[in-house]
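The sequence and the model come before the text.

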Amino acid sequence: MLVCSSKANTHTTIEREGEREREREREREMGKGGDGESENMAAWLVAVNTLKIQPFKLPPLGPRDVRVRMKAVGICGSDVHYLKTMRCADFVMKEPMVLGHECAGIIAEVGSEVKSLVVGDRVALEPGISCWRCNHCKGGRYNLCPDMKFFGSPPVHGSLANEVVHPSDLCFKLPDNVSLEEGAMCEPLSVGVHACRRADVGPETNVLIMGAGPIGLVTMLAARAFGAPKIVIVDVDDHRLSVAKELCADQSVKVSTDIQDIDQEVVQIQKAMGAEIDVTFDCAGFNKTMSTALKATHAGGKVCLVGMGHSEMTVPLTPAAAREVDVIGIFRYKNTWPICLEFISSGKIDVKPLITHRFGFSQKEVEEAFETSARGGNAIKVMFNL
């Protein structure tokens, strides 16, 4: 019996090796251009409202790097800002750049010192490479690194490409029950997770969300996963509010854009909560949303500014300070991919309903995808399937 088992195992090993070799051959064939050389293509933003799929030369593979075939890439609001204005907040484009940073793919090649990943592994990519030498990095707050190299943030090229090269320690292997699209959603979800950590959301935290856009929705999902017992979400759009209710919001409140309506709307919001509001997340970032957040949150609570609608605001800070309402901010995230994957794989968070539109990677589809995302409407997350 032992001999038979050994032979069976040997045959199985040979078959697996043969299959792996056939897969490697297919990979080599897929990577060849017309001249026999590998040609990597990417979506370049070359001017305002002008995207072009053009060749994208990859850097050499370092000993701790991996080469990843992109399979799922989402469009972020910052990508749309670059498309429309060539800038996002203080980040200004000065030359053509490859967009994209919400991404997942399959390992195509590993560096000589990479031990944690192998060819064929499905991974989600954390898009920021910090220096690991500055005081922020040494103190564990690497998201604040002044020398951060972040996908699709000038002058660093992004990940909307056939392939990218990235540090292996920023590539997280996907559980078997997590799809590549869900892996790409770890990036926006990380913003919500980081916000909830900053605000110490837990089972006794009643949460108000200002804004039911993509970031507001992932922050809501994260708050529920962290145990928030009551969540109220606010927006100006009926459709977004209905989506939020379908996901996990306990109550929704429709508001206006008129700053004169704040006092009346605060009463509505507090009534909808039916209890004290412990933490408010402003996921829009406008004068009105922040003013509403400061007034609605109870004394001793917290307001976390997540959205960046305005680069500067005028808000009633003094009355909030007199009630000891803490104002905190976030910038991107840190150490969030493992918990995001755990939330998704365990079923605590379902990001699939957020993916409303899917496109391929042709010139026409890239243009249509960005137009769809920029229009808003019923679009929440627009995803490329490469």
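A nonpolar core is a set of buried Ala, Val, Leu, Ile, Met, Phe, Trp, Tyr and Cys residues joined through side-chain atoms within 4.5 Å. The structure examined here is a predicted model.

**Cores**

The largest nonpolar core has 61 residues, and those with the most contacts inside it are Leu217, Met220, Ile233 and Phe281. At least two residues of this core come from each of α4, α5 (186–198), β13 (207–210), α6 (214–225), β14 (231–235), α7 (238–247), β16 (279–282) and α11 (337–346). Helix α6 gives the largest share, seven residues. With residues up to four places away in sequence not counted, Phe281 touches Ala195, Cys196, Ala199, Val201, Val207, Leu208, Ile209, Met210, Thr219, Cys304 and Val306. Another core, of 39 residues, lies apart from the largest one and includes Ala42, Leu83, Val164 and Phe359.

**Strands**

Strands of a sheet pair through backbone hydrogen bonds, either parallel or antiparallel. Strands β13 and β14 run parallel and are joined by four bridges. Val207 stands opposite Ile231 in β14. How many residues of β14 are buried? Five of its five residues are buried, and the strand is mostly covered. The cover is on both faces of β14: Ile231, Ile233 and Asp235 are buried on one side, and Val232 and Val234 on the other.

An open sheet of three strands has antiparallel pairing in the order β2-β1-β6. Its edge strands, β2 and β6 (97–98), each pair on one side only. Strands β1 and β2 run antiparallel, with six bridges joining them. The bridge partner of Ala43 in β2 is Ile53.

**Aromatic residues**

A pair of aromatic rings is described by the distance of the centres and the angle of the planes. The count comes to six aromatic pairs. Two of these are set out below.

| Pair | Centre to centre | Angle between planes | Arrangement |
|---|---|---|---|
| Trp44 and Phe56 | 5.9 Å | 90 degrees | edge-to-face |
| Trp132 and Tyr142 | 5.2 Å | 45 degrees | tilted |

Trp44 lies in strand β1 (residues 41–47) and Phe56 in the loop between β2 (50–55) and β3 (65–74), so this pair ties together parts that are twelve residues apart in sequence. Trp44 and Phe56 are both buried.

Trp132 counts as partly exposed at 48% relative accessibility, whereas Tyr142 counts as buried at 4%.

Phe172, Tyr333 and Trp337 form one aromatic cluster. A charged group also sits over a ring: the charged end of Arg332 is over the ring of Phe150, 3.8 Å from its centre.

**Cysteines**

Cys131 counts as buried, at 13% relative accessibility. For Cys248, the closest cysteine sulfur is that of Cys196, 10 Å away and likewise too far for a bond. Cys248 is buried, with a relative accessible area of 13%. The count of disulfides comes to zero.

**Two single residues**

Glu182 is placed in helix α4 (residues 180–184). Is Glu182 buried or exposed? At 6% relative accessibility, Glu182 counts as buried, because the limit for buried is under 20%. Leaving aside neighbours within four places in sequence, Glu182 is in contact with Asn177, Ile344, Val351 and Lys352.

His310 lies in the loop between β17 (302–305) and α10 (317–322). With a relative accessible area of 32%, His310 is partly exposed. Not counting residues up to four places away in sequence, His310 touches Gly285, Phe286 and Asn287. His310 and Phe286 are 24 residues apart along the chain, and their C-alpha atoms are separated by 5.5 Å.

Definitions and conventions. Residues are numbered from 1 along each chain as its sequence is written. This is a predicted model: local features need pLDDT of at least 70, side-chain atom pairs count only at pLDDT 80 or more; totals for chains, interfaces and linings use all residues. Side-chain values use heavy atoms; hydrogens and water are left out. Buried means under 20% relative accessible area, exposed over 50%, partly exposed in between (1.4 Å probe, protein chains only). Contact means heavy atoms within 4.5 Å. A disulfide is a pair of cysteine sulfur atoms within 2.5 Å. Rings of Phe, Tyr and Trp (its six-membered ring) pair if their centres lie within 6.5 Å; planes under 30 degrees apart count as stacked, over 60 as edge-to-face and the rest as tilted. A charge sits over a ring if NZ of Lys or CZ of Arg is within 6 Å of the ring centre and within 35 degrees of the ring normal. Two strands pair if DSSP finds at least two bridges between them.
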